[in-house]
Amino acid sequence: MEINDGYATQKRTNIEIEPYCRWYRGKKEDRLDVHLHGFKREQLKIYINCFGTSMTVSGKRPLPENMWNCFSKKINISNDYAVDEIRSRFINGILSLSMPKKVPLLKKLQQQKVPLLKMLQQLGKKGSLGIDLEAALKTIIAVTVGMALGSYLAYKYSKFPHAEN
């Protein structure tokens, strides 16, 4: 028995489009505006790969006569961006992707006012001991990394038997 409801014989026609994109560069974050007039929020998908190195924005919307507008845009994500803080918003047909830049460790420590930093600030550049704050933090970080690397190498090349897989 054959059913002909009109839909089985029709094929969808996909019309690929390349949306207009514009970058806005800032000191704290960069923003990419993707112009998608005619699309609705629920017709869009944003996917960041598991490594955080690229983002894919895609969408599909129906047109008359069984035709569809569709697009897919891949954006490489630089190491300079804080991937966990990427935000999106869709207003008046424009998808805005805000990508905050990573804050260097020294600035992050200064913003958080961790106890070690408070102590070093009390000694400070103009303090009685004359310790340079940046130099002290860099030295502490270098010593910590050096100790970790030294421990690893001592373990790896020790004469004591240990399990290797």
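I started with the largest nonpolar core, which has 16 residues; Leu36, Met55, Val57, Leu95, Leu97 and Met99 touch the most other members. For the record, a nonpolar core is a set of buried Ala, Val, Leu, Ile, Met, Phe, Trp, Tyr and Cys residues joined through side-chain atoms within 4.5 Å. At least two core residues come from each of S3 (29-35), S5 (54-63), S6 (67-76) and S8 (94-100), with S8 giving the most, three. Strands here are DSSP E runs of at least two residues, numbered from the N terminus.

Note on the source: this is a predicted model, where local features need pLDDT of at least 70, side-chain atom pairs count only at pLDDT 80 or more, and totals for chains, interfaces and linings use all residues. Residues are numbered from 1 along each chain as its sequence is written, and side-chain values use heavy atoms, leaving out hydrogens and water.

Next I checked Leu36: skipping neighbours within four places in sequence, it contacts (heavy atoms within 4.5 Å) Pro19, Leu44, Phe71, Phe90, Gly93 and Leu95.

Then I looked for aromatic pairs (ring centres within 6.5 Å; planes under 30 degrees apart are stacked, over 60 edge-to-face, the rest tilted) and got one. Phe39 and Phe71 sit edge-to-face, 5.4 Å centre to centre with 85° between the planes. Phe39 is in the loop between S3 and S4 (44-48), Phe71 in S6, 32 residues apart. Are they buried or exposed? Phe39 is buried at 6% relative accessible area, and Phe71 is buried at 3%; buried means under 20%, exposed over 50%, partly exposed in between, with a 1.4 Å probe and protein chains only.

Key. Helix = DSSP H or I, 4+ residues; strand = E, 2+ residues; numbered from the N terminus. Phe/Tyr/Trp six-rings, centres within 6.5 Å; stacked < 30°, edge-to-face > 60°.
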